[in-house]
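Thanks for coming. I have one structure to go through today, and I will take it from the overall picture down to single residues. Please look at the sequence and the model first.

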Amino acid sequence: MDRGEHAWSSRLKGLLSYPQAVLSDETRLGNPYDGYALAQKRANLLSQVLSGCESQIVVYVRPQYSWLPSVFTQAMQEGLNSDVDQFLAVTNGSPWLLWSNLVKLLREVSGVSRVVPRIYSSNIDVVEDFFEVAGLGKAPTFGKGGVRANGSSPAVQIPILTALLRAPEFRA
């Protein structure tokens, strides 16, 4: 799937003709690996596309103490980063990794009627919660019961991944 700006804008515009539509995209404001460097630009794009439309953004955030190690581990698994100092320099310097700044940006720039920040917790079903918060009724279960988990590799694996990525036999 093309994740470029034009393709994304076209998909979103296509959804505007429906009375109720959902576009879920956790990278819409950019990439957590670079501290959401594109957040301002992407919020402006949201404003252009959604201008004059009744819409809302529901954004789920996790506490940074659990989220940042998960992001770093994911970046390592994808082979994008194995330098913790570089990762910390980027994340510590980004205003958009402070959730209050990100929500404020969305409220002030995106042009949507409502921005609803939600705290992600592993003991809630985010899909069910989203349907309730967005006013979409009961969430479909698709035959699955219980909480839909979004698992991550444990932070304890970071030293192992670091050693593997630094080993010459694993380099491309």
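Predicted model: local features only at pLDDT ≥ 70, side-chain atom pairs only at ≥ 80, totals over all residues.

The protein chain has an average pLDDT of 82, and 80% of its residues score at least 70. Where is confidence lowest, and where is it highest? The lowest mean, 64, belongs to helix α7, residues 158-166. The highest, 94, belongs to helix α5, residues 99-109.

Now the layout. The protein chain holds 7 helices and 2 strands. Reading from the N terminus, the order is α-α-β-α-α-α-β-α-α. Of its 172 residues, 35% count as buried. If you take contacts between residues at least 6 apart in sequence, 64% of them join residues at least 24 apart. The chain exposes about 10,800 Å², with carbon and sulfur atoms supplying 55% of that area.

Next, the cores. The largest nonpolar core contains 30 residues. Leu-29, Tyr-36, Ala-39, Leu-46, Ile-57 and Trp-99 have the most contacts inside it. Which elements supply at least two residues each to this core? They include α1, α2, β1, α3 and α5. Another core lies apart from it, with 7 residues, including Val-58, Val-116, Phe-130 and Ala-134.

Leu-46 is worth a look on the model. Setting aside neighbours within four places in sequence, Leu-46 is in contact with Trp-8, Leu-12, Leu-29, Ile-57, Leu-106 and Ser-110. Two of the names on that list, Leu-29 and Ile-57, are also among the residues with the most contacts inside the largest core.

Moving on to helix α6, residues 126-133. Which of its residues are buried? They are Asp-129, Phe-130, Phe-131 and Val-133. The cover over these buried residues includes both β1, residues 56-61, and β2, residues 114-119.

Asp-125 sits in the loop between β2 and α6. Is Asp-125 buried or exposed? Its relative accessible area is 9%, and the cut-off for buried is under 20%, so Asp-125 is buried. Its side chain makes two approaches to backbone nitrogens that I would point out. At the start of α6, a side-chain oxygen of Asp-125 comes to within 3.0 Å of the backbone nitrogen of Val-127. The Asp-125 side chain also reaches the backbone nitrogen of Glu-128, at 3.2 Å. After α6 comes Gly-135, which has a positive phi, near 75°.

Ser-94 lies in the loop between α4, residues 84-92, and α5. A polar atom of the Ser-94 side chain lies 3.2 Å from the backbone nitrogen of Trp-96.

Ala-37 is in the loop between α1, residues 5-15, and α2, residues 39-50. Its relative accessible area is 54%, and exposed means over 50%, so Ala-37 is exposed. How far apart are Ala-37 and Leu-97 in sequence and in space? In sequence they are separated by 60 residues, and in space by 9.8 Å from C-alpha to C-alpha.

That is the end of the walk-through.

Note on methods:
Residues numbered from 1 in each chain as written. Heavy atoms only, no water. pLDDT = per-residue confidence, 0-100. Helix = DSSP H or I, 4+ residues; strand = E, 2+ residues; numbered from the N terminus. Buried < 20%, exposed > 50% of the residue type's maximum accessible area, 1.4 Å probe, protein only. Contact = heavy atoms within 4.5 Å. Areas by Shrake-Rupley, 256 points an atom, 1.4 Å probe, with all protein chains shown as cover. Polar contact = N/O pair within 3.5 Å; in protein donor to acceptor, adjacent residues only side chain to side chain. Core = buried A, V, L, I, M, F, W, Y, C linked by side-chain atoms within 4.5 Å.
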